Amino acid sequence: MKTNNQKIIARLRERIPSFECVPGCHDCCGPVTTSSEEMSRLPVKTDAEHEAALGELNCVHLGPDGCNVYGERPLICRLFGTTPNMPCPNGRRPEVMVDSETELQVHNYIANTRQVLV
């Protein structure tokens with residue numbers, strides 16, 4: 001049975017458009033926070049792995065070929081590059097940008113849930 005937050009996450013994921021990143025780019029893959037619900041879908045990393053990633057200002061799930069959890073990446077990661085407020089540094093974008101209501105709902109979800117460092 002899905003919790004209310006899981007339903008919100010699923011609905012928002014469906015409404016955020018995707019686009020193709022520049023191969024090998026990870027300019028937006030710095031440390032981010034996410035909700036406990038989203039975090040529970042990601043592989044558990046050790047404190048040492050977290051510290052090493054933070055030391056490089058990277059996400060702990062960033063591997064040599066990019067995001068190791070791309071299919072389960074948090075909402076904030078999905079939003080990068082889909083809105084003028086969070087543009088891709090390489091100028092990539094989806095054909096149709098995310099609508100402002102969905103963007104606001106993502107930010108409201110983030111603001112109203114307990115956030116943990118990924």
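Tutor: Let us settle one term before anything else: contact here means heavy atoms within 4.5 Å. With that in hand, Leu 79 touches Ile 16, Met 86, Val 98, Glu 103, Val 106 and His 107, once residues up to four places away in sequence are set aside. Keep in mind that this is a predicted model.

Student: Okay, and how confident is the prediction across the chain?

Tutor: The protein chain has an average pLDDT of 94, and 98% of the residues score at least 70. Confidence is lowest in strand β3, residues 66-67, where the mean is 90, and it is highest in α5, at 97.

Student: Back to Leu 79, then. Which helix is it in, and is it buried or exposed?

Tutor: Leu 79 belongs to helix α4, and it counts as buried because its relative accessibility is 0%, where the cut-off for buried is under 20%.

Student: Which residues have the most contacts inside the largest nonpolar core?

Tutor: That core has 19 residues, and those with the most contacts inside it are Leu 12, Ile 16, Leu 75, Leu 79, Val 106, Tyr 109 and Val 118. The elements giving two or more residues to this core are α1, α4 (75-79) and α5 (100-111). As a general point, nonpolar side chains tend to be buried together in soluble globular proteins.

Student: What does Ile 16 touch?

Tutor: Not counting residues up to four places away in sequence, Ile 16 touches Leu 75, Arg 78, Leu 79, Thr 82, Val 98, Thr 102 and Val 106.

Student: Switching topic: why does Arg 13 count as buried?

Tutor: Arg 13, found in helix α1 (residues 4-15), counts as buried because its relative accessible area is 15%, against a cut-off of under 20%. A polar atom of the Arg 13 side chain lies 3.3 Å from the backbone oxygen of Glu 72. Leaving aside neighbours within four places in sequence, Arg 13 is in contact with Arg 41, Gly 71, Glu 72, Arg 73, Leu 75 and Arg 78. The C-alpha atoms of Arg 13 and Leu 79 are 9.3 Å apart, across 66 residues of chain.

Student: What does Arg 73 lie over, and how many aromatic pairs are there?

Tutor: Arg 73 lies over the face of Tyr 70, at 3.8 Å from the ring centre, whereas the count of aromatic pairs comes to 0.

Student: Last one: what about the phi of Leu 57?

Tutor: Leu 57 has a positive phi of about 55 degrees, although it is not a glycine. It lies in the loop between α3 (47-55) and β2 (62-63), and it counts as exposed because its relative accessibility is 62%, where exposed means over 50%.

Definitions and conventions: Residues numbered from 1 in each chain as written. Predicted model: local features only at pLDDT ≥ 70, side-chain atom pairs only at ≥ 80, totals over all residues. Heavy atoms only, no water. Helix = DSSP H or I, 4+ residues; strand = E, 2+ residues; numbered from the N terminus. Buried < 20%, exposed > 50% of the residue type's maximum accessible area, 1.4 Å probe, protein only. Polar contact = N/O pair within 3.5 Å; in protein donor to acceptor, adjacent residues only side chain to side chain. Core = buried A, V, L, I, M, F, W, Y, C linked by side-chain atoms within 4.5 Å. Phe/Tyr/Trp six-rings, centres within 6.5 Å; stacked < 30°, edge-to-face > 60°. Lys NZ or Arg CZ within 6 Å of the ring centre and 35° of its normal. pLDDT = per-residue confidence, 0-100.
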